[in-house]
Amino acid sequence: MTSPCYCTLLRTATRKVAAAYDAALAPVGINIAQYALLRMIQNRQQVSLTELGRVADLDRSTIGRNVKVLERDGLVKTGRGEDQREAVVSLSPRGVEALAAATPLWEACQRQIEKRLGADKIEALRAIAHAV
């Protein structure tokens with residue numbers, strides 16, 4: 001697809017790339033958005049929903065909905081932080097297992113995309129992403 005609209009071009013590329021990751025992660029039963037969120041939670045074990053939203057660059061209500069799906073699937077557990085007004089989230093044992101199973105699949109997908117684009121285009125992609 002060729003479009004003069006940069007947003008349309010980026011959205012189309014994003015859908016294609018996300019579909020590749022989703023297909024790679026399907027055996028674990030998660031998608032790329034869930035994988036990314038699980039990784040963020042893992043890296044900050046027991047993180048507030050507010051902080052998770054900040055790190056993920058998503059509003060608090062979106063993070064809350066996404067975390068509820070992960071909780072429903074048994075991948076995370078929620079509770080109250082030191083400040084009882086703040087909800088916190090951490091990986092459940094099942095979430096730890098899912099992430100361990102998904103990571104090699106994610107890494108293989110990364111390598112496939114790198115191979116498909118080549119080193120120069122990967123660096124250009126990184127530069128574009130950081131510039132936007």
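I looked up the UniProt annotation first: the unreviewed entry places "domain: HTH marR-type" on residues 3-132. Positions follow the numbering used here, and such annotations may be inferred rather than shown by experiment. The model is predicted, with local features needing pLDDT of at least 70 and side-chain atom pairs counting only at pLDDT 80 or more, while totals for chains, interfaces and linings use all residues. Residues are numbered from 1 along each chain as its sequence is written, and side-chain values use heavy atoms, with hydrogens and water left out.

Over residues 3-132 I noted 70% helix and 9% strand, with the end C-alpha atoms 19 Å apart. Helices (H or I, at least four residues) and strands (E, at least two) are DSSP runs numbered from the N terminus.

**Helix 2 and helix 3.** I then checked helix 2 (residues 32-43) against helix 3 (residues 49-56): their axes come within 11 Å and cross at roughly 120 degrees. Axes are lines fitted to C-alpha atoms, for helices over the stretch in contact, with angles from 0 to 180 degrees between N-to-C directions.

I listed the contacts (heavy atoms within 4.5 Å): Leu 37, Met 40 and Ile 41 of helix 2 meet Leu 52, Val 55 and Ala 56 of helix 3.

**Thr 103.** I located Thr 103 in helix 5 (residues 93-117). Beyond its neighbours within four places in sequence, Thr 103 is in contact with Tyr 35 and Arg 39.
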